[in-house]
Amino acid sequence: MVVFDKPHALADLPMHYCPGCTHGIIHRLVAECLDELGIEGQTIGIAPVGCSVLAYNYFNCDMIEAAHGRAPAIATGVKRADPDNHIVFTYQGDGDLASIGMAETVHAAARNENITVIFVNNAIYGMTGGQMAPTSLPGQVTQTSPYGRDTNHCGFPIKVCEMLSELDGPEYLERVAVNNVKNVKAAKKAIKKAFENQINKKGFSLIEVVSSCPTNWGMTPQKALEWVEEKMIPYYPLGVYKDRTAGIVKGADK
Amino acid sequence: MADKVLMKGNEAIAEAAIIAGCRHYFGYPITPQTEIAAYMAKRMPKIGGCFLQAESEIAAINMVYGVASCGLRVMTSSSSPGISLKGEGLSYLAGADLPSLVVNVQRGGPGLGGIQPSQSDYFQATKGGAHGDFHMIVLAPASVQEMADLTVHGFDLADKYRMTSMILADGTMGQMMEPVSLDLNVKPMPEKPWATTGTKLERFHNITNSLSLVPEELEELNFKRYQRYAEIEKNEVMYEEYMMEDAEICIAAFGIASRVAKNAIVEARAQGIKVGLIRPITLWPFPKAPFLKATEKVHTFISVELSMGQMIEDVRLATECRRPVTLVNRAGGMIPSPEQILEAIKNAHKNGGAN
């Protein structure tokens, strides 16, 4: 009996991600959800600009590569092209979603656009080699904050789930992490719910996945996962920030 | 023959798009083209279509990108400053070989400029409009009827060649009312096996993409795209010749400028001056052949523009600088008068091309 196999929705290709990168885990979780919900054949995924730019190769569903930050606007077009049949997800990093694409993110949420957003927050720009991200922590050393992020000079990180939970629009906002088995399982549950919401026409669901970047953080994969636990999660608390159907608003269960 | 209705140019574009099968419109308010959005907002919900006011021009063009990727006819419209914002999306649409229709009802610039008519986005429209090697098919209507006709034609060409067609109108064309026949010639839409509408688990996944990290492959894509552009230059050029049979002076003008020029030509002819007009309808591809042929009889070309002189460069290239090309222009929202053009014609007649 097969107890562990590659999901059908995940392409049988070697991925380009660095050793210890958590994109592979998150890709797998998304693909498992497409399999389990039986929606691969009607799903269109939107890849971002950033480390996961090549995600369009890794999912077997139809894929679109977006301009930097524009995935929610493209997803809006794809969804509205056939609202009854298209299942649409975007897969975006923190620079893509919370910096250059912030307007597209906020307005898609405000419209309660019936799409699923997978938001990978690893507090750094990975593909361009480790620059300060909108979610880089205060004091965090990056290539463009070499003396540590000075909040007097360049401001504070953006807490996307908290910010979006203030809007009347979105259906579901949850922050999860993939730094240990327990959290990975919770992340899978949240991602699946985000797709189920779309199938049930409930509207905009965003899952923020607190993630690691060993290469650009300058850590071993193990150390990076510890840094997620010790530094990232305290700043970005996990939990449901909004679930309109369940009557939860603003992280009440965390 | 079908009855004619009295419509604003902007409304004629919107109704023609619906007749062409466009059921998705995304836009952001900007003068002087907002009637298109208003018309779509009224009509689309009644015919099962989608009008959505986007949060920005950037979002609007990316919504267009999404629908185009699904193989449906889709459009956006704006005016000059908004088209600059759409530039990013226009480049990505070109890189991903997606068909779309984009309308620019031009106003004076640069910057926020003004809200009166202009043709000063000619360079932007005809030379690419954003980063990278690409072209859009650029159609320049000179009447409300052509606003409708060229909208339908623009959709057909966009689908045929998998690229963006741009209607390059101006504030005058958008705002003026004329009788228009909506008995329009819509061709059947070609099959789009590349569309991202879900694999149904029956085929390998389709990918809409403009990224190509291997330079040899990206080069090949560019060369292939330009082969398609060469086909368009060969097959899709449109222009009107007016009183050119015996013309010794040739005016080059498009859009509203061509209509003013025709008045000046009639007056000059009454005074015995042999002057005619070549009116490009496709600004890209530019009608090079009729201009080159005209150099056999014409001693002076006059480019009449609502800009600081942009099309004049294409006239010089098309005529291979065999004859002098002079400029009659107004800018910033002003329109050349028939008298201003007539004076230039008289000067050209006096000099006989010897300047």
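Colleague: How far apart do the C-alpha centres of domain 1 and domain 2 of chain B lie?
Modeller: They're 28 Å apart. Keep in mind this is a predicted model, where local features need pLDDT of at least 70 and side-chain atom pairs count only at pLDDT 80 or more, while totals for chains, interfaces and linings use all residues. Residues are numbered from 1 along each chain as its sequence is written, and chains are lettered from A and ligands numbered from 1 in the order in which they are written.

Colleague: Where are the bounds of those domains?
Modeller: Domain 1 of chain B is 4-235 and domain 2 is 240-351, with bounds from an automatic or database domain assignment.

Colleague: And how many residues of each are in contact?
Modeller: 27 from domain 1 of chain B and 22 from domain 2 of chain B, counting C-beta atoms, placed from the backbone, within 7 Å.

Colleague: Which element gives the most on the domain 1 side?
Modeller: α5(B), with 4 residues; helices (H or I, at least four residues) and strands (E, at least two) are DSSP runs, numbered from the N terminus.

Colleague: Switching to the chains, how many residues does each put into the contact?
Modeller: Chain B puts in 32 residues and chain A 29 residues. On the chain B side, the largest share, 9 residues, comes from α3(B).

Colleague: What stands opposite Met63(A)?
Modeller: Ile207(B), in β9(B).

Note on methods. Two residues are in contact if their C-beta atoms, placed from the backbone, lie within 7 Å. Two strands pair if DSSP finds at least two bridges between them.
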